[in-house]
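Morning, everyone. I have one model to go through today, so let me put it on the screen.

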Amino acid sequence: MKPVSFGVVGVGGYARMHIYAVEVLEREGLGKLSSVVIRNPSKYRGEVARLEGKGVNIYRSFEDMLENEAGNVEIITLPVAIHQHKDMTIAALKTGFNVIVEKPPAVTIQDLDEMIRVERESPGFCAVGFQSQSECTVRSLKRRICEGELGEIREVVVKGRWKRLDSYYERNAWAGKFIYDGKYVLDGTVSNPLSHYLMNGLYFASMSWGEAANPVRVRAELYRAHRIEGEDTSCLEVEVENGARVFFFATLCGPTDEMPVHEVVGSKGVARWTKGQDVHIEYSDGRAEIIKDDGADGRIEVFRNAARYLRGADGEINCTLSMTRPFVLTLNGAYESAGAIRDIPKRYLTIRREGGSVSTLINGIVKIIDEAFKQRKLYSDLGVEWAYPTRYFSLKDYEFFKMSL
Ligand SMILES: NC(=O)c1ccc[n+]([C@@H]2O[C@H](COP(=O)([O-])OP(=O)(O)OC[C@H]3O[C@@H](n4cnc5c(N)ncnc54)[C@H](OP(=O)(O)O)[C@@H]3O)[C@@H](O)[C@H]2O)c1
């Protein structure tokens with residue numbers, strides 16, 4: 001198989017992972033790092049020298065890469081800021097390239113729909129960097145769900161507790177923002193770091209292969225404990241088309257980073273999966289099954305899948321733009337339902353200096369999320385003192401997000 005030629009936009013932040021992934025494929029003879037956009041070469045002197053040394057074409061702007069790499073680069077990868085995803089994806093598709101865009105592909109349904117439209121009219125494809133959909137555990141569990149092994153899916157419940165210091169929000173200009181550069185970012189647990197797990201919740205709730213379940217209505221609460229514009233703590237209850245409910249409980253103000261936990265409840269069994277571990281299924285007829293984690297890194301598998309798809313070795317893209325439409329609808333529905341991002345008052349927080357930065361802990365958040373997960377209740381339903389009740393928001397015919405804080 002002829003190695004697939006990649007062009008990566010950026011070398012800092014998550015772009016480092018994109019370059020690493022392409023170089024893994026390069027060593028396997030499946031990919032080639034052909035070009036990279038480095039808009040601030042003085043910031044990345046070592047990497048510029050290393051890449052130049054191996055003959056990678058380096059451009060100062062994305063537009064230069066588009067102009068000069070037709071016929072050379074086959075897949076452009078976009079590990080760039082969230083608010084840049086739409087315009088850059090569309091520009092790359094319209095110029096004839098295939099694209100891997102990072103998650104979330106867009107944060108408004110109107111932007112995602114435009115990207116889907118352009119992809120349909122373009123020769124190329126756009127894969128999305130939701131890497132769980134490229135992991136063997138997630139794919140095997142999804143296969144069981146689609147084959148009806150778990151019966152009708154009734155509930156998918158997900159919890160994720162991470163700890164993010166202030167330095168996380170200081171790493172770039174858009175982190176923690178609701179709007180940046182005049183565009184929605186909606187940066188937070190739902191759209192960004194823990195978004196994989198909401199995506200998984202919707203993916204497991206659908207019994208159709210290659211699809212996530214469409215949300216019908218959403219009830220959500222959004223909070224901030226850090227001094228940011230966006231949210232860092234959330235809970236969602238999502239009713240999906242087939243009647244199942246998806247619950248998502250998340251915070252970036254936990255005491256430690258924990259691997260997110262998923263529970264899929266069907267009429268014929270329950271599956272439990274903690275990210276990075278095996279899937280455990282208990283069937284109602286008394287059988288038990290373990291789906292082994294193969295140890296592969298999903299972040300690299302996204303690239304392998306795109307390369308193999310391009311060469312006809314894989315029959316499908318593991319996470320397509322269309323597959324993420326229920327996710328983006330749910331994200332917009334969550335903001336519509338919450339109406340606002342509520343501050344968690346300081347008396348409920350422990351804020352202290354840590355690791356050259358500052359940590360923010362919501363007191364009791366581990367217990368709160370465990371209880372919410374167990375009871376399938378939002379924080380206000382549990383009577384958490386800092387929580388505000390919200391109403392369901394219907395997503396029927398919803399096609400435009402517009403909101404200010
Ligand atoms: N799949 C995952 O698990 C995962 C994990 C982390 C992040 N992500 C996603 O990855 C994306 C990037 O996140 P991040 O936190 O790394 O963002 P970031 O801190 O803003 O880094 C983005 C990088 O892209 C570069 N860049 C942006 N626009 C560019 C342009 N027009 N030309 C050249 N370089 C450009 C930046 O260059 P400068 O340094 O010169 O500004 C920077 O190196 C986001 O969509 C995020 O959600 C995904």
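I will call a residue buried when its relative accessible area is under 20%. Keep in mind that this is a predicted model.

I'll start with helix 4. By that cut-off, its buried residues are His85, Lys86, Met88, Thr89, Ile90, Ala92 and Leu93. That is 7 of the 10 residues in the run 85–94, so helix 4 is largely enclosed by the rest of the structure.

What do the buried residues of helix 4 pack against? There are strands on the list, namely strand 1 (4–9), strand 4 (75–78), strand 5 (98–101) and strand 6 (126–128). There are also helices, namely helix 3 (62–68) and helix 5 (109–121). Just past the end of helix 4, Gly96 has a positive phi of about 105°.

Now the pairing with helix 5. The axes of helix 4 and helix 5 come within 10 Å and cross at roughly 5°. An angle under 35 degrees counts as roughly parallel, and helix 4 and helix 5 are therefore roughly parallel to each other. From helix 4, the contact uses His85, Lys86, Thr89, Ile90, Leu93 and Lys94. Helix 5 contributes Asp111, Glu114, Met115, Val118 and Glu119. Sorted by class, this contact of helix 4 with helix 5 has 5 charged, 4 nonpolar and 2 polar residues.

Next, strand 1, which is one of the elements packed against helix 4. Here 6 of the 6 residues are buried, so strand 1 is largely enclosed by the rest of the structure. In a regular strand, side chains alternate between the two faces of the sheet. In strand 1, Val4, Phe6 and Val8 point one way, while Ser5, Gly7 and Val9 point the other way, and all are buried.

Which strands pair with strand 1? One is strand 2, residues 31–37, which runs parallel to strand 1 and is joined to it by 6 bridges. Within that pairing, Val8 is opposite Val36. Strand 1, helix 1 (residues 15–27) and strand 2 form a right-handed β-α-β unit. Strand 4 is also parallel to strand 1, with 3 bridges between them, and there Gly7 has Ile76 as its bridge partner.

Last, helix 6, residues 136–146. Its buried residues are Thr137, Val138, Arg139, Leu141, Lys142, Arg144 and Ile145. Their cover includes strand 7 (153–161), helix 8 (195–205) and strands 13 to 16, among them strand 14 (269–274). Just after helix 6, Gly148 takes a positive phi of about 80°.

That's what I have; questions now, please.

Key. Residues numbered from 1 in each chain as written. Predicted model: local features only at pLDDT ≥ 70, side-chain atom pairs only at ≥ 80, totals over all residues. Heavy atoms only, no water. Buried < 20%, exposed > 50% of the residue type's maximum accessible area, 1.4 Å probe, protein only. Helix = DSSP H or I, 4+ residues; strand = E, 2+ residues; numbered from the N terminus. Contact = heavy atoms within 4.5 Å. Axes fitted to C-alpha atoms, helices over the stretch in contact; angles between N-to-C directions. Parallel < 35°, antiparallel > 145°, perpendicular 65-115°, else oblique. Nonpolar A, V, L, I, M, F, W, Y, C, P; charged D, E, K, R; others polar. Pairing = 2+ DSSP bridges. Right-handed = clockwise from strand over helix to strand, strands pointing away.
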